[in-house]
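Please consider the chain shown below. The account that follows moves from the overall fold to the core, a pocket and individual residues.

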Amino acid sequence: SLPDRYEWSDVSALPALYNGVGVAWKGLPANLESGDGWTRFDLLVGYHDKNRLLGIVPVRFPFELSVDPDSPIEVLGRVRPGSANDARFTLDGIAVHAFNP
């Protein structure tokens, strides 16, 4: 369980403040790539119902998993900010599950 739920808008405004913090965001996966012992994709945050795209964040998992690019998912991950001059960030994936919006 996550006692505090941080929104996309909070984290994207100040990613360094949320370094290492766990978030759970719903969306659709895009640009899926997977190999021996890893999986990565872009999470289209908020687009799980195909109505509103809040943002796009790269997600990396240290293990191989099967993700359907046409099915909405919820990703549990840790925020990893970019460099000091970079407003972008990534998520270190912990878990993912499919759901029906």
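The paragraphs below describe the fold first and then the local features.

The model is predicted, so local features need pLDDT of at least 70 and side-chain atom pairs count only at pLDDT 80 or more, while totals for chains, interfaces and linings use all residues. Residues are numbered from 1 along each chain as its sequence is written, and side-chain values use heavy atoms, with hydrogens and water left out.

One helix and five strands are present in the chain; helices (H or I, at least four residues) and strands (E, at least two) are DSSP runs, numbered from the N terminus. Along the sequence the order is α-β-β-β-β-β. The radius of gyration is 13 Å, close to the 13 Å that the globule rule gives for 101 residues, so the chain is as compact as a globular protein of that length. That radius is taken over C-alpha atoms, and the globule rule is 2.2 Å times the number of residues to the power 0.38. Taken along the principal axes, the C-alpha atoms fill a box of roughly 35 × 35 × 25 Å. Of the contacts (heavy atoms within 4.5 Å) with a separation of 6 or more, 51% are between residues 24 or more positions apart.

Of the 101 residues, 35% are buried. Buried means under 20% relative accessible area, exposed over 50%, and partly exposed in between, with a 1.4 Å probe and protein chains only. The largest nonpolar core has 18 residues, of which W25, F41, L43, V57, V59, V75 and L91 touch the most other members. Such a core is a set of buried Ala, Val, Leu, Ile, Met, Phe, Trp, Tyr and Cys residues joined through side-chain atoms within 4.5 Å. Two or more residues come from each of α1 (8-13), β1, β2, β3, β4 (73-81) and β5 (89-98). Beyond its neighbours within four places in sequence, V75 is in contact with V23, A24, W25, F41, L43, V59, F61, L91, A95 and V96.

Two further residues belong to strand β4, namely G77 and E74. G77 counts as buried because its relative accessibility is 0%. G77 and G93 are 16 residues apart in sequence, yet their C-alpha atoms are 4.3 Å apart in space. E74 is also buried, with a relative accessible area of 15%. Not counting residues up to four places away in sequence, E74 touches R5, A24, W25, K26, A95, V96, H97 and F99.

Strand β1 gives the most to the lining, with three residues.

Most residues other than glycine have a negative phi. N31, in strand β1 (residues 22-35), has a positive phi near 55 degrees. At 58% relative accessibility, N31 counts as exposed. K50 has a positive phi near 60 degrees and is found in the loop between β2 (38-45) and β3 (55-61).
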